[in-house]
Each structure stands twice: as structure tokens, then as C-alpha cells.
Amino acid sequence: MTHAIDISCAIGGKKLPSLIMNASGPLCTMEDHLRALCQSSSGAVVTKSMTIEPRDGNPHPKYADLEYGSVNSNGLENLGVGRYMEVISKLKKEFPDCVFIASVAGLKEEDYYNMAAEIGTVADLIEVNLSCPNIPGKPQIAYDMEASDRILKTINTKTQAPIGVKLPAYCDPVFLKEAADMLMKHELAYLSLINSIGHTVHVDPLTDETVIHPNNGRGGLGGAYIKPIALGQVHAFYQLLGNRIPILGVGGVYTGRDVYDYVLAGATGVQVGTAYMQEGPAIFTRIAQELRNVLAEKGARSAQEKLGMLKIRGVNT
Ligand code: RRO
């Protein structure tokens, strides 16, 4: 009877049939990728981060699978906002029940506003990527609280679509609190925690080379390596924000148990990056069933009743 277990969630006023969706990045750049996501059990269809103009991104090789995850320095390869307007409009007709989340990444602040105004007319939600680690010469904006504050304030005046924000890890309680205080000033549909951990190096033992080429061989780390870091961010932001902004956990989701851990830590939903890249769109059905099995074992009838229920060792509740 596990099919009766409710794994839906709501973000930005939209009900998603499954709280498990793809993360912006892998296999969501091309029209065919997005169509395959529409046909899958992903709870929503999230696009690759887009820019005003199409981009080829960084030179290859720019992605590598690793023993416990992946590293990328993709460099914002995407079709450009104009093409995503067309693709989303078309797919919405083919798949009227799908929820589309358009990720935007400006190379300058005005780009965020211009893209949000356009893509917000067709996408259901916008994911404001303030944390791309891979563009040479461009900072991860989310580490600049003033700039982030300004962008979130202005972008909300430019678009009708609810906005979520993709953040990097803040591995210090002072920065976590500063970020939470800044985020609470804005109307946000969700936080996506976390982007890949930037500027990591992986050595090919056969050649003594880095496994990727761009950015002097340094790229964003994803997968199982970063799950404890991402879980820590989810847990900390959930405690700082209470129920004010839903959280989507990202980092090392391979199994239903991984999803359950994120829900316990305070995630309303999860996004799957490396594991989706490695396994393809069938992963969403597998993980959803595994999550239902875990919830059944725990005697829960829905995922949301376990939201934020992580117990702290030694604390009696
Ligand atoms: O395109 C990329 O290199 C990239 C982006 Br925009 C991002 O947000 N995170 C990432 O790991 N890679």
C-alpha cells in the first residue's frame, strides 16, 4: 500500500506531485532533455541556468564522474533566454500538468531583471542562481549580501512568477545568520541548498593531470561528497527561518533514504544533480518508490509529516 503514501509538496503556490525533482545543471539544457523530464516522474522540470545570450560554456573536458560524486566547470552552457521561452511555451502545451522552473544566472545585475521579466511570463517559477562557481572573473553573488539583497528586491518587482534562490554553502554561523536575515526580507518561494562546492581539484593518477580542463582544472564538486555539507545548510536554515521559506535540499541524493534525511533536516523537497546525470530520467521513479518504502517503515503516511523531525542525539523530546 505504499502508493497511498503522499510524497507531494507545495512551493510558490504550486502543488508538485513529487517532492523529488531535477537540479538545475545536468541534462536540462536542451529541448530533448526538458521533454524527457516532462515524461519522467520528476516533481517539476528545472532548466539549466540561462543567460541573455546563448553560450557554449567552458572548453571540454568540463565534467567528470568521481568515486563519490562529480566535478564540473560547465561555464553556463545554455540556449539563451529567448530559446527557453519558446521551448517552455511548447512543452507547456504538450505537458499542461508539468511545473516549469526556469533558472536564471545573470552575467550582470540587469540581466537577472530582464530575464525574469521575460521568462516569468511562461515559467511557473524562477530559480535565481546566485551561486555559480565556474565563471572566470565572476564572483558567487550570494557571498555579497548587499548585491544579493538588491537583486532579490528588484527581481521581485520585475516578474509575476514566484522566485526561489539557489545558494552556496555558508560554512560559518555568522554568515548563515547574515544570509538568513537578508533572505527573510524578501518574498521567496523556496531556497535551493546547495550549489556545487566550487574550486575543487581532482587528480587523474594515470596522467598526473586534473580531470577537467577549465579554470586551471578546478570545478564544482557535487554528489555524495557534499551531502553532509548540504544537509548541514538545510538544517541550519530550517532552524533560522522556521517555516517561512520552504527549502529544497541538493547534494548527494541517490536513494529514498537520502531524500528522507533531507526531509528530517527541514527540506520540503529535493533536487537531484549528479545521480540524475549518472542514471538518467528513470531515477525519479526509483527514488520516489524508495522514499515511500522508507516512510512506510517509519509508519508515516506523508513525507511532510516528517519535515524537520531530525532528532539530536542526547536531547530528549
Ligand atoms: O554552468 C556551470 O558551470 C555551473 C553553474 Br551555472 C552552477 O550554478 N553550478 C555548477 O556547478 N556549474
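Predicted model: local features only at pLDDT ≥ 70, side-chain atom pairs only at ≥ 80, totals over all residues.
## A first look at the pockets and sheets

The lining of the largest pocket is made up of 18 nonpolar, 23 polar and 5 charged residues.

How many residues line the largest pocket? The answer is 46, and those that lie nearest its centre are Ser 24, Gly 25, Pro 26, Lys 48 and Asn 72. Several named elements give two or more residues to this lining: strand S6 (69-72), strand S8 (125-129), strand S14 (219-222), strand S16 (269-272) and helix H8 (274-279). The space inside the largest pocket comes to about 780 Å³.

The second largest pocket holds about 180 Å³ of space. Its lining has 15 residues, with Gly 106, Tyr 112, Lys 138, Pro 139 and Ile 141 nearest the centre. By class, 9 of the lining residues of the second largest pocket are nonpolar, 4 are polar and 2 are charged.

Next come the strands. In general, strands of a sheet pair through backbone hydrogen bonds, and they do so either parallel or antiparallel. Here, 8 strands form an open sheet with parallel pairing, in the order S3-S16-S15-S10-S9-S8-S7-S4. Strand S3 (20-22) and strand S4 (45-46) are the edge strands, each pairing on one side only.

Strand S9 (residues 163-167) pairs with S10 in the parallel sense over 4 bridges, and Gly 164 stands opposite Tyr 190 in S10. Strand S10 (residues 190-193) is in turn joined to strand S15 (residues 247-250) by 3 bridges, and these two run parallel. Across that pairing, Ser 192 stands opposite Leu 248, while Leu 193 has Gly 249 in S15 as its bridge partner. S15 also pairs with S16 in the parallel sense, over 3 bridges, and there Val 250 stands opposite Gln 271 in S16.

Are the residues of S10 buried or exposed? Tyr 190 and Ser 192 on one side of S10, and Leu 191 and Leu 193 on the other, are all buried, so both faces are covered. The residues of S15 are arranged as follows: Ile 247 and Gly 249 point one way, Leu 248 and Val 250 point the other way, and all are buried. As a general point, side chains in a regular strand alternate between the two faces of the sheet.

Another open sheet has 4 strands, in the order S5-S6-S14-S11, and here the pairing is antiparallel. Strand S5 (63-66) and strand S11 (197-200) stand at its edges; each has a single partner strand, so one side of each is left without a neighbour in the sheet. From one strand to the next, the twist averages 30 degrees. S11 and S14 run antiparallel and are joined by 2 bridges, with Thr 200 standing opposite Gly 219 in S14.

**Two residues up close**

Met 277 belongs to helix H8, and Asn 58 is found in the loop between S4 and S5.

| Residue | Relative accessible area | Class |
|---|---|---|
| Met 277 | 29% | partly exposed |
| Asn 58 | 11% | buried |

Asn 58 counts as buried because its relative accessible area of 11% is under the 20% cut-off. Met 277, at 29%, falls in the partly exposed range, because that class lies between 20% and 50%.

Which residues does Met 277 touch, not counting those up to four places away in sequence? They are Pro 26, Leu 27 and Tyr 63. The C-alpha atoms of Met 277 and Ile 245 are separated by 28 Å, with the two residues 32 apart along the chain.

Asn 58 has its own set of contacts once its neighbours within four places in sequence are left aside: Ser 73, Asn 74, Gly 75, Asn 134, Pro 136, Pro 214 and Asn 215.

How values were computed:
Residues numbered from 1 in each chain as written. Heavy atoms only, no water. 1 Å grid on protein atoms, 1.4 Å probe; cavity = no way out; pocket = protein on both sides within 12 Å on 5 of 7 lines; lining within 4 Å. Points joined across faces, edges and corners; volume = space filled by probe spheres on them. Nonpolar A, V, L, I, M, F, W, Y, C, P; charged D, E, K, R; others polar. Pairing = 2+ DSSP bridges. Axes fitted to C-alpha atoms, helices over the stretch in contact; angles between N-to-C directions. Buried < 20%, exposed > 50% of the residue type's maximum accessible area, 1.4 Å probe, protein only. Contact = heavy atoms within 4.5 Å.
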